[in-house]
Amino acid sequence: TVALTNGEKFAWALPRIRTGNFKYHMFQMYDMRLCNVSLFGNYSSNWPVFFDTGSACLGLPSEFFDAVAAWITGMECTGTDRETNCTIPRTSIPHLPELSFALYEGSTEYLRIPLASLVIPGNDPTVPDVRLCLSRHASVSSSFNPPLISLGAMALQELYTVFDLHEAQIGLQNKHGASSVPSAVCSQRTPCTGAQVYYAPLNTCIDPKCSAYYFKVIDPVTKECVVSRSFQVGLVIFLSVFVGLEVVSMGLYKRLMKHVNSIHPHID
């Protein structure tokens, strides 16, 4: 067991399966959270992470990157994968939340990376916006080899790290205590309407799949599935034609019977 000078022990990640050549030190990250919201959503309970000391930034697959952006008020990103440029107002730096994660399922011990540690302030303090060192990787569904989460140098500086090469394990420990002040930069929860379902990782409301039902569409105001206008119009036209044909056929029948009775008076 390895302990720090303050007596705290390292949290150890699960051993890595010994297959192939190890180009990077890796571990499984569980329950990545921001603003008290789990960001992995419906994709997985955990995700592979590698240490990328040749890079400065924290790199996230696009789905997890978008989740971070959805929860940070004032965060604006431009560019494409691997060339993303994200900025936040300089005044938001002291209020940025912490990105936290666990090293195994069900753990109550979380490691923390303050987003403020990923700020690149620049040389001019009068510039209102600063860059946040986040990198957007490809989508988790883009190939048979989904992109990993990468911890660059700026992210790693917030954690004590130890490598057990014999057991293929990595130990991590926080350098600083958790912040007890709720972040003012975390976005407010998006309110949903009607049949919409709230999806927490992206802080968004998902419309019901009305197209899965015959003749149903979503009402843009109530967000409920309703019978489509075109079906209603078509049904009215069909019923009108049907009733019209019934009236015409009834009239023809009466005329026919009247004609028959005139020829054969005793036939009903």
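**Entry 1: the hairpin.** I began at the turn between β2 and β3, where Cys-35 takes a positive phi near 55 degrees. Two residues sit between the strands of this hairpin. This is a predicted model, so I read each value as computed from it. β2 and β3 run antiparallel and are joined by two bridges. I looked up the partner of Leu-34 in β3 and found Val-37.

**Entry 2: other partners of β2.** Next I followed β2 to its other pairings. With β4 (residues 46-51), β2 pairs in the antiparallel sense over five bridges; there, Met-29 has Trp-47 as its bridge partner. With β8 (residues 98-102), the pairing is again antiparallel, over three bridges. Which residue in β8 stands opposite Arg-33? I found Ser-100 there.

**Entry 3: burial.** I then checked how covered β2 (residues 26-34) is. Seven of its nine residues are buried, so the strand is largely enclosed by the rest of the structure. Among the buried ones I noted Phe-64, Phe-65 and Trp-71.

**Entry 4: disulfides.** How many disulfides does a search of the whole structure find? It finds five. Counting bonded cysteines along the chain, I wrote down the pattern as 1-6, 2-5, 3-4, 7-8, 9-10.

- Cys-77 and Cys-86 have their sulfur atoms 2.1 Å apart. This link is right-handed, with 110 degrees about the S-S bond. Cys-77 is partly exposed at 32% relative accessibility, whereas Cys-86 is buried at 0%.
- Cys-192 and Cys-205 also form a disulfide, with 2.1 Å between the sulfur atoms. I read -95 degrees about the S-S bond, a left-handed link. Cys-192 lies in the loop between β15 and β16 and Cys-205 in β17, so the pair ties together parts that are 13 residues apart in sequence. Cys-192 is partly exposed at 32%, while Cys-205, at 15%, is buried.
- Cys-210 and Cys-225 form a disulfide too, their sulfur atoms 2.1 Å apart. The torsion about the S-S bond is about -90 degrees, so this disulfide is left-handed. Cys-210 is in the loop between β17 and β18 and Cys-225 is in β19, so this link ties together parts 15 residues apart in sequence. Cys-210 is buried at 4%; Cys-225 is partly exposed at 26%.

Terms used:
Residues are numbered from 1 along each chain as its sequence is written. This is a predicted model: local features need pLDDT of at least 70, side-chain atom pairs count only at pLDDT 80 or more; totals for chains, interfaces and linings use all residues. Side-chain values use heavy atoms; hydrogens and water are left out. Buried means under 20% relative accessible area, exposed over 50%, partly exposed in between (1.4 Å probe, protein chains only). Helices (H or I, at least four residues) and strands (E, at least two) are DSSP runs, numbered from the N terminus. Two strands pair if DSSP finds at least two bridges between them. A disulfide is a pair of cysteine sulfur atoms within 2.5 Å.
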